Amino acid sequence: MLYRFEKYVLDTDRRELRLGADLVALPPQAFDIIVYLIRHRERVVSKDDLIAAVWGGRIVSDAALTTRLNGLRKAIGDSGVAQRLIKTLPRKGMRFVGAVCEGEGLANPHAVGMQRLKASPAIQEQPSIVVLPFTNLSGDPHQDYFADGVVEDIITELSKFSDLFVIARNSSFTYKGRPADVREVGRDLGVRYVLEGSVRRAGSRVRITGLLVDAESGTHIWADRFDSLLEDVFALQVQMAQTVVGAVAPRLERAEIERARRKPTESPSAYDCFLRGMAGWHDWSRDGHDAALKQFYRSIELDPKFARPHALGAGCYLMRKSNGWVVDRAVEIAETDRLARLGANLGREDAVALAWSAHALAHVVGDIESGRALVDYSLQLNPNLAVAWQRSGWIRVYAGECELAIEHLQTAMRLCPLDPLMHLAQSAAAFAYFLVGDLQQSSLWAERALEMRPDWPAALRVSAMSNALTGREWAAHKAMTRLRTLQPGLRLSNLHEQMFLQRPEHMAKFVEAMRKAGLPE
């Protein structure tokens, strides 16, 4: 069904809202809200009606519902003051009051150029992707359900990333069973990336291949295959979807960063500045993080309500503390606190912003409780976000919950085995194992982190301590020498300035092990 109001067209089958030829980005729950309001526009809809229809009756806070409604109003050019389209009746509910015309969808969804609105949609500024139906290579047409199920799960998992615009299943499956040129698909749907693949089942085994393509240039960004035993079909679908998403997500981020680097710098958008900041972030040097922080501040200047640069700006100060790059401790703690809390408040639906804000508050500001609450909420929003599990692992180390930290860090590494930030999870695991007394695992994970990032101070500290306590004096001396070269001012007396541990016995164990490893008073 198509619903037309003002200059907007709402397509319920394709789960799309368009303003003229442009696709309007709407989170799934906001889309469900507007559909429900329009379908029941003849009456006042209560809060309980919406929760039952959109959230399946789950407990939802007033703040969460208000956030979705505000986002919806903004998307359709309305506001809580004007209430031109969505009118709120105090203590009663709300009603869609705009004039609506109804019409059926196109009879032929494969019409030339996807003539839904007789124009190709504009490419979203945010990264956008369509997952095409995977080819069934099993030779058995009855296995189509399995291939389709994997694709539907991948779409669902990708949709949990708030910074990624994902084309709905109903639109992507219009390409099922017919050859499709990825560049044409990109133009038709207004997306920057296309994920395609195949599924082959043979006996008790299944193989899924995936290929990520830049729809503008046709360039292959990533390709891989995944093999598994076929036991529980539905559990396997979810597992394979999470595996594919874990591989695709970091590739998308890198592709977006490279795209921003190639764009002219005369008039960058807030999003471009943020991506340029991420390029400096991944440089992983002091100069790189200083450059990243400048770009994040520029992004904030262009869009003060953009949560992600606030959170990653706080993350830059977090990395300054971890690496011993702090210039003015009191000023940087105060600025971290400001940026992190703004990042969390502005990004209530942004799991990445919440995760980095949480870690910065816990590590730099010392507010463990706020950090733990924010990162838990981040994981509720997106259970597939490796960086949130990573940040949670570190926060649990600070809090002394080391077994839980190890569990969360293992989840992070499983979700994103190609993560360019893997050394952060590995060094956190090393520290957690050190605190629980498993020095063999502690040393092993520290070495894995150092293989990825030889100059990472957190891993060097654990390597020095674990080796010293197990009698491997040469290895301990080597790690401590490298650490003191990177941080010549580090002493036992100021060790607390780089690592915050909530439990006194853990801090005492940390200091004593660093003393044994050769760090002077």
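Reader: Which residue takes a positive phi in the hairpin of β12 and β13?

Author: Happy to start there; this is a predicted model, where local features need pLDDT of at least 70, side-chain atom pairs count only at pLDDT 80 or more, and totals for chains, interfaces and linings use all residues. Residues are numbered from 1 along each chain as its sequence is written, and side-chain values use heavy atoms, with hydrogens and water left out. Strands (DSSP runs of E, at least two residues) and helices (H or I, at least four) are numbered from the N terminus. The hairpin of β12 and β13 has 5 residues between its strands, and the residue with a positive phi, near 80°, is glycine 218.

Reader: Which residue in β13 is the bridge partner of valine 213?

Author: β12 and β13 (residues 220-229) run antiparallel and are joined by 9 bridges; strands pair if DSSP finds at least two bridges between them. In β13, valine 213 has as its bridge partner histidine 220.

Reader: How many residues of β12 are buried?

Author: Buried means under 20% relative accessible area, exposed over 50%, and partly exposed in between (1.4 Å probe, protein chains only). Strand β12 spans residues 205-214 and is mostly covered. Of its 10 residues, the buried ones number 7.

Reader: Is tryptophan 284 buried or exposed?

Author: Tryptophan 284 sits in the loop between α8 (270-283) and α9. Its phi is positive, near 60°, in a residue other than glycine. With a relative accessible area of 10%, tryptophan 284 is buried.

Reader: Which helices are included in what covers the buried residues of α11?

Author: Helix α11 covers residues 329-346, and its buried residues include Glu332, Leu339 and Ala344. Seen down the axis, the buried residues fall within an arc of 160° (taken from the directions from the helix axis to the C-beta atoms), so they line one face of the helix. On the other side of α11, Ala330 and Asn345 are exposed. Counting contact as heavy atoms within 4.5 Å, the cover includes α9 (286-302), α10 (307-323), α12 (351-365) and α13 (368-381).

Definitions and conventions
Expected span 1.5 Å × (residues − 1).
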